Amino acid sequence: MSTCTSRLDYMIERLKEKGFRITPQRVAIVEILANSCEHPGVDQIYREVTKNFPTTSLATVYKTVTLLKELGEVMEMGFGDESNRYDGKNPHPHPHIMCVACKSIIDPDLSSLNEMSKELSEETGYKIVSHRLDFFGVCPDCQNISG
Ligand code: ZN
Ligand code: MN
């Protein structure tokens, strides 16, 4: 990926390569995935897109997200129900922390991650190629409400 190509343009190119027809609605979906820091779910993406493109169907959102996931351009965080969340800003493995109250998800800057991988590799003899690391807690905002 060239540094002068935006993440949005890059994702659109990947979809075009797959013969996916690029409509304004689909560009809007990809744009949300490429730019959102909030790790949106399909419902959130749908709500956002229909503000500007009211005729967009939920199926179109699902199809676009699924194809980008298959292309490795969107990371899916599965929660075992319909509440899967997506990261198109950074599709590469990285840890997340989720608030159990408001369901916000952020990307923590975890400096010990490399150390942890190294320790795990030494401990088990495995060559680490990827990871899935989700933390759950109560975010500062929600702590203030309840406290
Ligand atoms: Zn919260
Ligand atoms: Mn993330």
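Val 30 counts as buried because its relative accessibility is 0% (buried means under 20% relative accessible area, exposed over 50%, partly exposed in between, with a 1.4 Å probe and protein chains only). The model is predicted: local features need pLDDT of at least 70, side-chain atom pairs count only at pLDDT 80 or more, and totals for chains, interfaces and linings use all residues. Residues are numbered from 1 along each chain as its sequence is written, and side-chain values use heavy atoms, with hydrogens and water left out.

**Val 30**
- Helix H2, residues 24-35, holds Val 30 (helices are DSSP runs of H or I with at least four residues, strands are runs of E with at least two, and both are numbered from the N terminus).
- Apart from neighbours within four places in sequence, Val 30 is in contact with Leu 8, Met 11, Ile 12, Leu 15, Thr 64 and Leu 68 (contact means heavy atoms within 4.5 Å).
- From Val 30 to Leu 67 the C-alpha to C-alpha distance is 11 Å, with the two 37 residues apart in sequence.

**Ser 36**
- Ser 36 sits in the loop between H2 and helix H3 (42-52).
- Ser 36 counts as buried because its relative accessibility is 18%.
- A polar atom of the Ser 36 side chain lies 3.1 Å from the backbone nitrogen of Glu 38.

**Domain 1 and domain 2**
- The domain assignment gives domain 1 as 4-87 and domain 2 as 96-146, with bounds that come from an automatic or database assignment.
- Taken over C-alpha atoms, the centres of domain 1 and domain 2 are 24 Å apart.
- Eight residues of domain 1 are in contact with nine residues of domain 2.
- About 580 Å² is buried between domain 1 and domain 2, and carbon and sulfur atoms give 61% of that area (buried area is the accessible area, 1.4 Å probe, that two parts lose on being put together, summed over both).
- In domain 1, the residues that lose the most area to domain 2 are His 39, Phe 79 and Arg 85, together 67% of what that side buries.

**Polar groups between the domains**
- Four residue pairs, both at pLDDT 80 or more, are in polar contact between domain 1 and domain 2 (a pair of N or O atoms within 3.5 Å; within protein, one must be able to donate a hydrogen and the other to accept it, and residues adjacent in sequence count only if both atoms are side-chain atoms).
- Strand S1 (75-77) and strand S2 (85-87) are the elements that give two or more residues to the side of domain 1 that touches domain 2.

Definitions and conventions: Chains are lettered from A and ligands numbered from 1 in the order in which they are written.
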